[in-house]
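This briefing is for a reader who is new to the structure shown below. Please look over the sequence and the model before going on.

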Amino acid sequence: MAGRAAPDPLRPVGTITRGITGVNRLRRSDRWLIHHELVTGRLCEAADPLVVDLGYGASPWTTLELATRLRTVRADVRVVGLEIDPERVVPGRDGVTFARGGFELAGLRPVLVRAFNVLRQYPESAVADAWATILSGMDPDGLLVDGTCDELGRRCAWVLLDRSGPRSLTLAWDPFTVERPSDIAERLPKVLIHRNIPGEPIHALLTAADHAWARAAPLAPFGPRVRWRTAAEHLRQEGFPMRTYRRRMRDCVLSVPWATVAPNGTG
């Protein structure tokens, strides 16, 4: 009897997503990417500046926007949008290529992968394998951004990873449409969204952020950006190793090393 055929290593791996997307939905993460020293450094140093937007959805707007923004960092960046649903694959345009692919990355070796609102539909137990599959196909120095946001992109959260594992968690939100930092909890990445319970590090961080936001209430007349800068300083004084941003920020941003929020029992 003939032996069973070996699995195709380039067969798309993953599940078709809902496909919800919209113009400028991922602007907050894009702004963060083009100003993050590690991301821009890896992109500028890469022999082949290939970037994959994984699971771009029913229309390619956010992939095209990503390419436009990354070209301000490196003009010759190559962006490929991958979708597991063949009916969503569109002709290339504006220097961006679109193809069918999933976690296996269609055999590409990108230096940066953005996967937004992809793992949200998976069980938490599937996240580690999905991360491992994506990272194993990337450039050895590649970076993965696994994130989630609401339909209008006003509330966003993402994990930055490399082959050593998660490096940081970042929350970013519209200063004028979010009442308190913990409102972002509903958009935490899959690896954390079920961990926002007492006793878990992410719950401690969001609770402390709400308390710091309340302490900064006297600065509310000066606007939410000023109030958040003060709240963020309160968090640093309490020992949370929050990333400091020197440039002027449109968004409220909270970014911490992964060790600060790593779920209990994961090391």
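The model is predicted: local features need pLDDT of at least 70, side-chain atom pairs count only at pLDDT 80 or more, and totals for chains, interfaces and linings use all residues. Residues are numbered from 1 along each chain as its sequence is written, and side-chain values use heavy atoms, with hydrogens and water left out.

**The chain as a whole**

- The chain has 7 helices and 8 strands; helices (H or I, at least four residues) and strands (E, at least two) are DSSP runs, numbered from the N terminus.
- The C-alpha trace spans about 75 × 40 × 35 Å along its principal axes.
- Of the 267 residues, 54% count as buried; buried means under 20% relative accessible area, exposed over 50%, and partly exposed in between (1.4 Å probe, protein chains only).
- Among contacts between residues at least 6 apart in sequence, 68% join residues at least 24 apart; contact means heavy atoms within 4.5 Å.

**The second largest pocket**

- The second largest pocket holds about 270 Å³ of space. Of its 16 lining residues, W228, R229, R236, Y245 and M249 are the closest to its centre.
- On a 1 Å grid over the protein atoms alone, a pocket is an open set of points with protein on both sides within 12 Å along at least five of seven lines, and lining residues have an atom within 4 Å of a point. Grid points are joined across faces, edges and corners, and a volume is the space filled by probe spheres set on the points.
- Helix α7 (224-237) and strand β8 (252-257) each supply at least two residues of this lining. The most comes from α7, with 5 residues.
- By class, the lining has 7 nonpolar, 1 polar and 8 charged residues. Ala, Val, Leu, Ile, Met, Phe, Trp, Tyr, Cys and Pro count as nonpolar, Asp, Glu, Lys and Arg as charged, and the others, Gly among them, as polar.

- T148 is found in strand β5 (residues 143-149) and is buried, with a relative accessible area of 2%.
- Residues up to four places away in sequence aside, T148 touches F116, N117, R120, R155, C156, A157, R187, L188 and P189.
- L161 lies in strand β6 (residues 155-162) and counts as buried at 1% relative accessibility.
- With residues up to four places away in sequence left out, L161 touches W131, L135, G142, L143, L144, D146, P166 and R167.
- L161 and W258 are 97 residues apart in sequence and 9.3 Å apart in space, C-alpha to C-alpha.

**The loop between β7 and α5**

- D174 is in the loop between β7 (165-173) and α5 (190-193). D174 is buried at 14% relative accessible area and, not counting residues up to four places away in sequence, touches R28 and R154.
- Between D174 and W258 there are 23 Å in space, C-alpha to C-alpha, and the two are 84 residues apart in sequence.
- D183 lies in the loop between β7 and α5 and is buried, with a relative accessible area of 16%. Leaving aside neighbours within four places in sequence, D183 is in contact with R155 and V178.
- E186 is found in the loop between β7 and α5 and is partly exposed, with a relative accessible area of 41%. E186 touches R120, R155 and I193, not counting residues up to four places away in sequence.

**Positive phi values**

- L105 has a phi near 65°, a positive value in a residue other than glycine. L105 is placed in the loop between β3 (96-100) and β4 (112-116) and counts as buried at 0% relative accessibility.
- N117 has a phi near 60°, a positive value in a residue other than glycine. N117 lies in the loop between β4 and α4 (127-136) and is buried at 19% relative accessible area.

Key. On a 1 Å grid over the protein atoms alone, a cavity is a set of points where a 1.4 Å probe fits but cannot get out, and a pocket is an open set with protein on both sides within 12 Å along at least five of seven lines; lining residues have an atom within 4 Å of a point.
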